[in-house]
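This report describes selected features of one protein model. Please look over the sequence and the structure before reading on.

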Amino acid sequence: MAYIELENVSFEYPNQTLALNRVSLTVEKGQRLAVVGENGSGKSSLFLCLCGIHFPQTGRYIFDGDVQKCKRKGRNKLFTKVGYVFQDPEVQLFASTVEKDISFGAINAGMKGQELDACMNEVMAMTQTQELKNKPPHQLSYGQKKRVAIAGVLACKPEVLLLDEPFAWLDAQQKKNTIQILDQLHQQEKTLVISTHDINFVYEWADKLVVMKEGQILATGHPHELLKDEALLEQAGLEMPLVLQLTRKLSLDSTPETMEAFLKI
Ligand SMILES: Nc1ncnc2c1ncn2[C@@H]1O[C@H](COP(=O)(O)OP(=O)(O)OP(=O)(O)O)[C@@H](O)[C@H]1O
């Protein structure tokens, strides 16, 4: 059985916008799933359903073997195991210092003493936020706020991380730092689900890709397969990854899996 399973899930906002339309999807434990699609295709709405903030009106959501019920009490396991990093860190940060912000969720969940100290040290080291710990979050740069937002979610020790556009507005170095965090989390066998418009990153990073359009899933599969499908790319409004474009242009026999491999040819 899959770790996360959506069966024909539909979700409509109160203004009757149908954001998810009969979406079916499975995610295995430890998988790196990328969700791509045009603006408004439903990626954030999908994440908000996966973490339990929204509840679909129809269909079934099964997390780790449990069918999710709309009652908040029945979804405690979901809330403790699935962490959501919002696209905009401003939505997430609220405490008077970075340290208080990062520890808030963990303390709320009952963590204290040495366990809390060890957890804070670990997540602040991973996200390089130690030197920011006494600063008010509103004084940080955008990239620093993003790291603090990730740290706060990691401190709650989720098994699944949903990251909504983790690279949006980041410079090259901050993006590299965020990719390093994702790589470390993957080594820890966390399940990672990201939405992004960075198709080159998706091609190299994801084990599985979901392509969305107008609230529906157009295709699911390995990015190496899906991202060479010109008809799908056209339908979804996506560009072909650069490494594939270059491979075709140069009529290479084999397709390198990364840009680094391409540059070594
Ligand atoms: N709170 C809301 N109330 C009403 N409609 C909403 C709300 N949030 C999103 N929508 C609508 O739901 C649809 C899906 O939006 P969603 O934010 O999930 O898309 P997205 O793929 O994440 O877009 P983007 O790439 O721009 O972040 C859009 O038509 C959007 O206008």
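## Cysteines

The closest cysteine sulfur to that of Cys 156 is in Cys 119, at 7.8 Å, which is too far for a bond. The model is a predicted one. Cys 156 has a relative accessibility of 33% and so counts as partly exposed.

Cys 49 is buried, at 2% relative accessible area. Its sulfur lies 8.4 Å from the closest cysteine sulfur, that of Cys 51, and this too is too far for a bond. A disulfide needs two cysteine sulfur atoms within 2.5 Å. Across the whole structure, the search finds 0 disulfides.

## Helix 5

Helix 5 runs over residues 142–154 and has 13 residues. From the first C-alpha to the last, helix 5 reaches 19 Å, close to the 18 Å expected at 1.5 Å a residue.

Helix 5 is mostly covered, with 11 of its 13 residues buried. Among them are Gly 143, Lys 145, Lys 146, Arg 147 and Val 148, as well as Leu 154. The partners against which the buried residues of helix 5 pack are strand 6 (82–85), strand 7 (160–164), helix 3 (98–108), helix 4 (113–127) and helix 6 (172–187).

## Phe 63

Phe 63 belongs to strand 4, residues 58–63. Its relative accessibility is 0%, so Phe 63 counts as buried.

Leaving aside neighbours within four places in sequence, Phe 63 is in contact with Tyr 3, Ile 4, Gln 68, Leu 78, Lys 81, Val 82 and Val 160. Leu 25 is 38 residues from Phe 63 along the chain, and 12 Å separates their C-alpha atoms.

Methods: Residues numbered from 1 in each chain as written. Predicted model: local features only at pLDDT ≥ 70, side-chain atom pairs only at ≥ 80, totals over all residues. Heavy atoms only, no water. Helix = DSSP H or I, 4+ residues; strand = E, 2+ residues; numbered from the N terminus. Expected span 1.5 Å × (residues − 1). Buried < 20%, exposed > 50% of the residue type's maximum accessible area, 1.4 Å probe, protein only. Contact = heavy atoms within 4.5 Å.
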